[in-house]
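Have a look at the model first, then read on.

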Amino acid sequence: METYDPQAIEAKWQQVWADEGAFAVPNPGDGEEQRPDKAYVLEMLPYPSGDLHMGHVLNYTLGDVITHYRRRNGYSVLRPMGYDSFGLPAENAAIKQGAPPRPTTEQSISNIRRQMQRLGWAIDWNRELSTHQPEYYRWTQWLFLKLLEAGLAYRKQAAVKWCPNDQTVLANEQVVDGHCERCGAEVESKKLEQWFFKTTVYADRLLDEIDDVEYWPDRVIAIQRNWIGRSEGAEIIFRIEELDIDVPVFTTRPDTLFGATFFVFAPEHDLVPELVRGTEHEQEVLDYVRRTAAGTTLERMDPDKEKTGVFTGRDATNPATGEPIPIWVSDYVLTEYGTGAIMAVPAHDERDFAFAQRFGLPITQVVVPADEEPNGGDGAFVAHSESERLINSEQFSGLAAPEGARAIVEWLESRHAARFAIAFRLRDWGFSRQRYWGCPIPIVYCDDCGIVPVPEEDLPVLLPEIEDFIPRGRPPLATNEEWVRVPCPRCGAAARREVETMDTFVDSSWYFLRYCDPHNDQAPFERRLVDYWMPVNQYIGGAEHATMHLLYARFFVKVLNDLGLLGFREPFMRLFNQGSVNYQGARMSKSRGNVVPPDQAIARHGADALRLYILFMGPVDQDKEWQDTGIEGVVRFLNRLWRLVHEAAAADDGAAAGDGPLVRKAHETIARVSDDIGRRFVFNTPISAVMELVNELARDASSGARFAAETAVSLIQPYAPHVAEELWAVLGHERLWEQPWPVADESMLARETFELVIQVNGRVRDRIEASVDESEEQLVERALASPRVQAHVDGKKVQQTIVVPGRLVNLVV
Ligand SMILES: [Zn+2]
Ligand SMILES: [Zn+2]
């Protein structure tokens, strides 16, 4: 028997798979045999900036196990790979290295591809794509033109979020707690002309149709809903008589209208300059606007920050009271919410209250808790409560708050001063960037014709090479005059190209469609092919994409569906967020210096050991701690498996395997592993199950040893495909990657296993396959190990455990 040499075995089988194109999958109609059922397994594509890290290894190994499992269960599995190689992350990596983005990015790609191949992932390499290649971005540009044609892309001046560090505009979704999602810098506000996609047109459908997915984590659905932010209320018109202007505001509390004692504009609001033009307040107000524009959203939203503001000298009419109320400008009002102007109700809104106190503005209480008398007066703050009634609201006084709201809006509706309205928090997606390394926007500006789209036959508009790509606040492409000057496609006069580029997220909003038809040079994809493969059956990626990428991809798919380019409305049927890989107590990161490089782990222990360990560490959706001793344990297991399989191969129990304990154990293991991977989507416990089987094999190899060995090798194959393939050959077989997944013989299980129902506080949280041989302690232990159960126990102490043998475990926390 040779010793287990992972480096040699892995190189050998990777060569076999590459030579055979083992994991390439034909498209329907390609003439090759098509399996009856399809599965599209997709992991979010990596930004090519440097090396793969352990988070990638976890993500893609998980996808790999699912791919092998589905393939061996008879599915035609599409499992592609690509690189999100255009845009900020790749460009920032290049700037850090002091080199131009193209060679840096391409070097990263070839390095990452080498690492992926070294890990032996079952990828269809024929479908590989990089978003920075003209063959790809030609179609990104084409799709932009389709959206433009459909009236879903437009350019306008707007107050936008600006990252002073990255020197570019950010989408609202890229601002996290007032900071740049990429670099962490505090975000500023700036007025700029920008390209937008009309995501708001799809707000209601983005909200409603999320119900059509099969399974997304509750948390992600909640984040999407919250980001889209539907609220019901009313739009109320406040009239500025002197200027003959009506200003609509959205409020969820029209019942408090009688308490609106002043009016506030955000500093960026377009009307502000007009309000004060030529008045004694002009200078002071415009100074204030300039000063506060630099403030970050975070500062502005800080409830403890002292409120600032200026009076405009103007009044608006409260349509309920008919009284004039003063108009102020203050930075505590943000343009991203509602209309950028508010009716201030200081008695019942904390920020309005703080502002009114600071500037001595009137405070009128208009609602009280239903069972209380008004507490004597104005000037106090009264928080909203569960059940309220109106006071100080003329004919509406005494009504319960919801009725009051309805009655007030209906009353004003007849005077065209209010209407019921629904507001969304979602804003249009600002997608143009003042950066070099991105997809050029196929637009030409002509003095006579205005904004002119580049004709489809002239695509792609190639990104030119330029000397200085460092971001300095204006688009670097503007420096390349030769490229910028172009005849107008419509009239032929001298015109100029758009010099801004598209945000990375545009590239990644449709890449999953291109995988279905990656070499098409007539169209981004053929509808027949995307309709065959899509929607993605299982999508896997980081929870940090809960708003941006998932929202944009869903928007694109809905638009393309409306344009008749594809036949479905949601791109991702099942979504899974993997946890992070920690080391020395914190998430692995270069800046912290706590990184275990995958290359190093592979050189020391082999790819199979790394693949096994990364999934063995713990439940895949939770954060896990890397232990050097942990991977060594996995290596010992592989060595043991190696030795025992060689011994079992020499034994011949052939048809005489019978139904001895080892054979029963093997069937039980098949049932457990299949149930864990296929139904429960749990990936660490199958490894323990195979380890148990191997332990049994070591203890008693008298009868059924060969069957147990074959079973162990077959079940471990998705995790450790190289050593499994080698051992499969030792057992006298070939091409394990194409073998049907083993099926447990039910008659061997009948007395052995049952479905254990696991409850937390009396509610069913999981069901697992359990053995009748397991003790009550073991059942409780396994119940506690279930990730679904852990999510509900949530770190709390288990007070009591109730075990009904053969049926259920109830944990009381
Ligand atoms: Zn930044
Ligand atoms: Zn023209």
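A charge sits over a ring if NZ of Lys or CZ of Arg is within 6 Å of the ring centre and within 35 degrees of the ring normal. Keep in mind that this is a predicted model. With that in hand, start with the arginines and then move on to the ring pairs and the cysteines.

**Charges over rings**
- Arg425 lies over the face of Trp227, and the distance to the ring centre is 4.4 Å.
- Trp483 has the charged end of Arg497 over its ring, 5.4 Å from the centre.

**Aromatic pairs**
- There are 45 aromatic pairs in the structure.
- Take Phe197 and Phe555: their ring centres are 6.3 Å apart and their planes are at 45°, so this pair counts as tilted.
- Phe197 belongs to strand β9 (residues 188-197) and Phe555 to helix α17 (residues 548-562), so the pair ties together parts that sit 358 residues apart in sequence.
- Both Phe197 and Phe555 are buried.
- Those two rings also belong to one aromatic cluster, together with Phe144, Trp195, Tyr202, Trp429, Phe431, Phe505, Tyr552 and Phe556.

**Cysteines**
- How many disulfides does the structure hold? The count is 0.
- Cys163 has 0% relative accessibility, so it counts as buried.
- Cys180 comes in at 4% relative accessibility, so Cys180 counts as buried too; the cut-off for buried is under 20%.

Notes. Residues are numbered from 1 along each chain as its sequence is written. Chains are lettered from A and ligands numbered from 1 in the order in which they are written. This is a predicted model: local features need pLDDT of at least 70, side-chain atom pairs count only at pLDDT 80 or more; totals for chains, interfaces and linings use all residues. Side-chain values use heavy atoms; hydrogens and water are left out. Rings of Phe, Tyr and Trp (its six-membered ring) pair if their centres lie within 6.5 Å; planes under 30 degrees apart count as stacked, over 60 as edge-to-face and the rest as tilted. Helices (H or I, at least four residues) and strands (E, at least two) are DSSP runs, numbered from the N terminus. Buried means under 20% relative accessible area, exposed over 50%, partly exposed in between (1.4 Å probe, protein chains only). A disulfide is a pair of cysteine sulfur atoms within 2.5 Å.
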